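Let's take a friendly walk through a protein model, one piece at a time. Have the structure open as you read.

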Amino acid sequence: MNHQPVLKIYLVAVYYIIVFIHACTYMSVKDTSWLHLYQNNIGIMALVYISFFITFLINLSIIKASSSHNDRFDTHPMLYFSPKDISQLQQKASTTHSHIAAILKDAVHTMLASKEKYLPPSDYEKFGSKWNEIYGNNMPPLAMYCVLYPADKEAYNFALDYMDVMTLLPKWQVISTPTDEVPVAHSLTGYVTTFDFLYPRLDYKRRKAYMERIKKETAEFYRISKFRSWGLFYLQNHVATNYLALLHGSLVVALHDEVGVMWAEHAKIMIEKSMTLLNHIVDGSLDEGVAYGGYTSRSVTQYIYLAKRHFQIDHSKDPWVESHFNFFYNTILPDFQRTIGIADSNSNWFYGPESQLVFLDAFTMRNGHGNWLAKEIRKHRSKDPKSKLMASNSQCWCTLHTEFLWYDASIKPQPPENIGKPHLHVFNDWGVATFSSLSASKYTNTFLGFKSGKLHGRAVFDVVQRGMYKSWVKGWRSFNPGHEHPDQNMFVFEPRGTPFITDALYGPKYSYLNNVLSFSPSSTSECFQPWEGQLGECSKWLQWKKESMATYGGEIISSSFDNDMVHLSGEAVNSYSTAMQLVSVYRSLLLMDEEVLLVLDHIETKESTPLKEVAAFFHNINFEFQKSTYSKLNGAVVKVDNFEMQMFWIDSEGLSVPAEIEHQSHPSEFQKRQTNFVNVTYPLRPGITRIAYALLGPSIKLRRLRFLEENKEGVHLGLTTSKKDYSVSIVTLYDDPIVRYKFLGYPGYASVKVRNGKTVHFGVNTTQYKPFLPLPGNQSFLFNILNLSLVFTGIACVFMYFVKGRLRLKYNRRFKLLLGVIGCLWMLAIFQFIKICKDSVCFVSHAKKNLSPEAEKKLDLSSILIMSLPGTGSELIGWLFYNNHDFVFLNAPSNVVPIPNPTDGTVVDPLLDACQWTKRDIKLTPFMKGWMRSITRNPRNHIMRENIQGRGRRAIHQHLLENNINAKNISFSKDMWMKRKLLVEAGEDINFKEYTEENLIKHIQEFPNARSVIHLKSGSWSLKLPWIHTILKGQVKMIYIIRDPRAWVSNILRSGVSSLYNQWNFPEQLEQLFKLADETCQPAKQYAWEYEKVRRAWTDQKTTPHELLAWVWLAHTEATLRLSGVIPAENFLMVRWEDLVLDSEGTANNMYKYIGYPMPQKVLHQLQQATRSNIVKNRYEGVIRKESVVTWQRELSPEEIHAIEEISSLIVTTHDEHQILW
């Protein structure tokens, strides 16, 4: 029984009884000596009362803390359900949940049919002789079955025997690994769950014996967690498994003994820290891959449920949880039986994932996707006991009880909208991209996967590098990415559902066991000398603790899907030792057909490199490779049944080396694993080496593969198959937008021309550009020869005609024969030219490769201007451009980029003004015109000049207003306060992410050709749209950030006396605005007449601050829309601030499409973190989250909301594209 409520009442009663007795004694005493004693010792008595009161409060707080776990429960079962729920569960077993109950029945009947196999051995030597998690894993489904079917005495007796054996065993450890608590955790979790489920039916003796064992094991877990490595790590499968076991035991013990409260608090705090870190991982992934990731998420979903049930902490809407479905859906292969096997992996899942999927549907998504995928996975599971795809006996049933409990039958299974359609998904934290066309009825679709990511994923890597939680994250000592592989730039390819290039799965951490590059000779090689692969290799686990791993990782550069083609690329130079003197290790993949994949490896080295050779590896764990040749190309084939898949390769010098075909067996988990692989070794050229590989599916044959032209910027390749001819252009100097534009004709990364077909420009909205393509070298040469031939032949014909006519010459037979031979050769040249052009883009309009300086100035590479009302929160958009090699993000005004104070009388108010500028004002504003052109076209020169001059010596005026605006705190929801309270108790000292001036200067130095993104923080600039467009023509893209007027008003008025409204002295600002308008705007008739509405409200003494602000929002928005109508639609975009927060990915994609540049996945990750992870502070309102969109509902009164809505609803616009109403 839970006696804490009674104890509370008891303490309160005792306190007041004592006070009452003393009071009565004082009032009724008649003996003056006693009265004198009371009066003389009143101070002492007061101290007694106070000390007792403090003791009372302390005890009450302890009781409150302990009772917060189990106030609602006073008996078992209580972990996942209560006694009153049992009858309903039993009813579901025969109705809505019958399909899961049937699997439970099969599982238990299988156990009962082979009791000796499934019952734990009573001999500890036998029990501990091998990995024994099976015994803990099989207990919960057995107990769940006994709850659902209490009449089955055989099953119940078997469960009792099971528990008795586990109770009598002296230890649960594996003898060979006594310090590994993972198998013990499985035993403890299963044992506690069974005890809780079956408690009502247990006799007193068993209750006592089982409880003593639970208490013993839980106490040991608590003690060990203080010093064992797993107790100090976060986000790893051992951590999640062991702390979940500790939590299970603690919750049950706490119902009987107060010590359990302390253990549960410890488990909760440690898991909550992991939950905090998980919320940095916005793509829902886990760095250990799908197999071990599913293992971790099994524990995480159980914790989320228990935290809600026992601690009233709700994580169901956390960013990681909301995205976690993608981790299962977008990693599954077309047969629904296997997954992509990044890191230490099996062919599919270790635990679940049906339980996790129904959990996500029931508590987070509620759209049927989770139930549908769980159903399909179960439907397609292998039933063959000999199959490697068959779920392990030790894991196949262990999540059935939670699947049954969480399944919501009211949610109809519904596939995602893109089911059956080709789609590309990028995990921007994990660094993994997958392309597939998953269909429940067709299993022969193509799958392509690519990996190039940071150590432990981008978010954790960032946490470590920035030192974001210094009190409890101790660098890499707080993490364990040992299951990761040295696999940056690896890929897998299954054309039409047939494994061609696969993962090598679980195994030792050797680079050659992954589809990546190794180099030789290397002085820093630790294994397989003189060859060395990626950092961290040469051990059973990835050696992440080495200093050289501080910057380890890859980066997905391009990820684009267009016209049924896919382009993926990644840079992995930071994954290799600096001693190798590598400049770039860039791999580009082009999937041009379901069965045609072109891979280009670009390796650039320094002059001082010791490297002489490079080796590429390609694995297939299912089928063997065989050598093959075609024409002058060497290759390899995989034969499956009556068809084969081919791969061939060539370098830029035309060399195709023979491959080494190898077969290997290596240790994996508790068994050997085999793999087959191709080793393609090439000599490294001085400076740059490029190798192309063509991989072809069953129905495609190679006809030709060659390099057409190459230079330091990129390559042109030709690929001819039995079905199509392709001409491919790939930029390898990928971080310079000018280079990409000059090479491709637009700022993307690759393009493909199909003979007599389409041209695909990957990565951008190409309607923004008129592409020009450099002519491949050999074709350009022939084209010039042909032109010269035509010219000289024409001149010769004219010459001979006039000579013959004037001199009356006669040609002999030899001369005529010579002319005939020349004509035949000329015709042969034309024929040869036409033949070559069959495989190329000869007949596409081209521009010259080397542009003149004048032509370079005319490159249509736009800069971006961002405008908004002050206080809108538009600073948030910076995270969509920070750290992007294509852009440099500048705030104006700021210390780095001040707004100039011109001498021509022009004034730009740092807060707000009502003066509009048009093209007629250009002559009147020469200074501002020059500044605008300078900052947009030459940001590097401008920034470096300002940086050199120093802030103290600037002659340019800088308004001090911005420095006086501090972040405002907004109210948290109850759940958010609870989570943050837990972190404070744990010693939270978060170092919020920010982009500093030092970051900016370093960025512009590293990427001198980055285009400008100017965030004009003043509210004045959107009234100058026509002026800006006239100055910059089509080379500027303007973005206006608009916010819900209710939210904007609330933001300005937040925090009362210290509000922005008071800091800005807003009424005085309006007075200055109208004074400026009267003095400056009227003579030129450039006053924004919409502000007359504001003037009337400002002069009305009855106008409240929120009404005045609403009139400002209305006037400014109407004026902005009116002025935007006079510039081309392709140069102006309105973006809702709420869309940036609620739909970061969709809004970001639309913005980059509008801009005409490819969007790096890392900037999308930044924006998603800024709006979801609580780690970025907006200058005006603190941390931004989804709740920020509706904060105004809590901060404004109904009357204020109504008034703002009435005013803002007056807006009128004829622009259908501007959907600004809420």
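Valine 614 has tyrosine 682, in strand S15, as its bridge partner. That pair belongs to a model that is predicted. Strand S10 and strand S15 run antiparallel, and 8 bridges join them.

Strands of a sheet pair through backbone hydrogen bonds.

Here are the residue ranges of the strands:

| Strand | Residues |
|---|---|
| S10 | 613–620 |
| S15 | 671–683 |

Next, a helix. Helix H19 covers residues 369–380 and has 12 residues. From its first C-alpha to its last, H19 reaches 17 Å, close to the 16 Å expected at 1.5 Å a residue. Is H19 largely enclosed by the rest of the structure or left open? Of its 12 residues, 9 are buried, so H19 is largely enclosed. Among the buried ones are Trp372, Leu373 and Ile377, along with His369 and His380. The cover over these buried residues includes helix H17 (319–329) and helix H18 (354–365).

One last stop is serine 250, which sits in helix H14, residues 237–254. Serine 250 counts as buried because its relative accessibility is 0%, and buried means under 20%. Leaving aside residues up to four places away in sequence, serine 250 touches Thr218, Gly260, Trp263 and Ala264.

Conventions: Residues are numbered from 1 along each chain as its sequence is written. This is a predicted model: local features need pLDDT of at least 70, side-chain atom pairs count only at pLDDT 80 or more; totals for chains, interfaces and linings use all residues. Side-chain values use heavy atoms; hydrogens and water are left out. Helices (H or I, at least four residues) and strands (E, at least two) are DSSP runs, numbered from the N terminus. The expected span of a helix is 1.5 Å times one less than its number of residues. Buried means under 20% relative accessible area, exposed over 50%, partly exposed in between (1.4 Å probe, protein chains only). Contact means heavy atoms within 4.5 Å. Two strands pair if DSSP finds at least two bridges between them.
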